[in-house]
Amino acid sequence: MVKTVIVGAGAMGLAAAHYALRAGHDVDVVEADAIAGGMAAHFDFDGLSLERFYHFVCKADATTFALMKELGIADKMRWRATSMAYWLDGRLYRWGDPISLLLFPKLGPIAKFRTGLQMFPTTKRKSFDDLEKVATRQWIESGSGRRVFDLLWRRLLDLKFYEYADNVSAAWIATRIKRVGTSRKSMFQEELGYIEGGSETLVSALVASIEKQGGRIHLATPAQQIMTEKGRVTGVQAGGRFFAADAVIATVPTPYVSRLVPDLTEAAKAAYDSIRNIGVVCVVHKLKRSVTPHFWVNVVDETMAIPGLIEFSNLRPTPDAIVYVPYYMPIDNPKFSASDESFIAESFGYLKRINPDLTDADRLASHVGRLRHAQPLCEPGFAARIPAVRTAVSGLQIADTCFYYPEDRGISESARLAGEMARAIGTDYQPRREPSFAT
């Protein structure tokens, strides 16, 4: 048994605690927030328990299913036929299946053929080694063509990464295409999943498992410093208390690591500090009527400052329509500090443009959530810049969502990496990121 402290009670921290306890270790979890769950946590949205930030499950998310089975909630998994679309030139165009591509009027036959020839094989890929040092723009233009990139991709990247838009790894994009592209009922029908009751169902089950196994979760207890002595971790100072430990797993965003672990070498601190993140302001609207019949709509309109909208109620049934409108941007962008009211007004104005039948009376409630470190900036060659999970400090492991690369943020990757770190406690095992790129 190893005395272990886990910093962060998001999905990865909770899953790591669950697995560590199952392996026989003594575990404390410290969390700055007053509730567990991190990005998977819920809030009371006008009487509806809802995710702070939208989540969905794909059929490739094997570790999610395995974790749910362990927790006794496998029967809470639900699947639903979904669809996506583009908002372009003032109208919606269905997207994401061969018929939609063939009927899309904005591309010629050669561009359509090239797009299909690039995207379909991407969903079947086993390796992304050849794309890890390639920029998304270069990959799309060389495969589908410049017209396709300018029409369908450029605006999306500009509104998610701003000045970094031309420096996003093709491996990261291709992995997202594969994950969603393989979550289908048939070639013609996308099928995504949700957990009955939302992600809170999984969070609650993890909390219950941790407590049942004798673990302790300390909420509203922000970590102040991970303590070390003679190259070994000794514990965590958090919330004015000292939690002694022989092993520590930190799941906080990498920008916090240098301050949290001052005894790291300057080179190690520089490695964590060099990883940049994009923030997000996520507006959620509760509406009397639906905006579109689609779950996901990519917005490529030069007059609209959003990359898309997610009509969550078209996946998880809710009494009223629920629509997420994310604004991704670097946190030093002046707009990031704009008022909640301005984001609500602007985003609802966009929804009314997409569905002119919407009126002000249809908006029942709105909520704004913000994250300063929502999306790691994964530039070409990013894999080589991610530090090893096991640090040079004996007993200390560190990982956040950038360690999922090239996979995007998600509960499945959280659970997978959590299991790897739990397995390494008190051993010489080297936790693995997947896939491991050839060098």
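Ile 99, Leu 102, Leu 103, Phe 120, Met 187 and Phe 188 together make a nonpolar surface patch of about 670 Å². Keep in mind as you explore that this is a predicted model. Helix H3, which spans residues 98-103, gives the patch its largest share, with 3 residues.

Now find Phe 188, another member of the patch. Phe 188 sits in the loop that links strand S8 (184-186) to strand S9 (189-195). Its relative accessibility is 44%, so Phe 188 counts as partly exposed.

A disulfide is a covalent bond between the sulfur atoms of two cysteines. How many disulfides does a search of the whole structure find? The search finds 0. Cys 282, for example, is in no disulfide, and the nearest cysteine sulfur, in Cys 58, lies 18 Å away. Cys 282 counts as buried because its relative accessibility is 2%.

What about Cys 378? The closest cysteine sulfur to that of Cys 378 belongs to Cys 402, at 7.3 Å. A disulfide needs the two sulfur atoms within 2.5 Å, so this pair is too far apart for a bond. Cys 378 has a relative accessible area of 4%, so Cys 378 is buried.

Next, look at strand S12 (residues 232-238) and strand S13 (residues 241-244), which pair in the antiparallel sense over 4 bridges. Within this pairing, Gln 237 stands opposite Phe 242 in S13.

S12 and S13 form a hairpin, with 2 residues between the strands.

Definitions and conventions
Residues numbered from 1 in each chain as written. Predicted model: local features only at pLDDT ≥ 70, side-chain atom pairs only at ≥ 80, totals over all residues. Heavy atoms only, no water. Patch = residues over 30% accessible without salt bridge, like charges linked within 9 Å, V, L, I, M, F, W, Y side chains within 5 Å. Areas by Shrake-Rupley, 256 points an atom, 1.4 Å probe, with all protein chains shown as cover. Salt bridge = Lys/Arg side-chain N within 4 Å of Asp/Glu carboxyl O. Buried < 20%, exposed > 50% of the residue type's maximum accessible area, 1.4 Å probe, protein only. Pairing = 2+ DSSP bridges.
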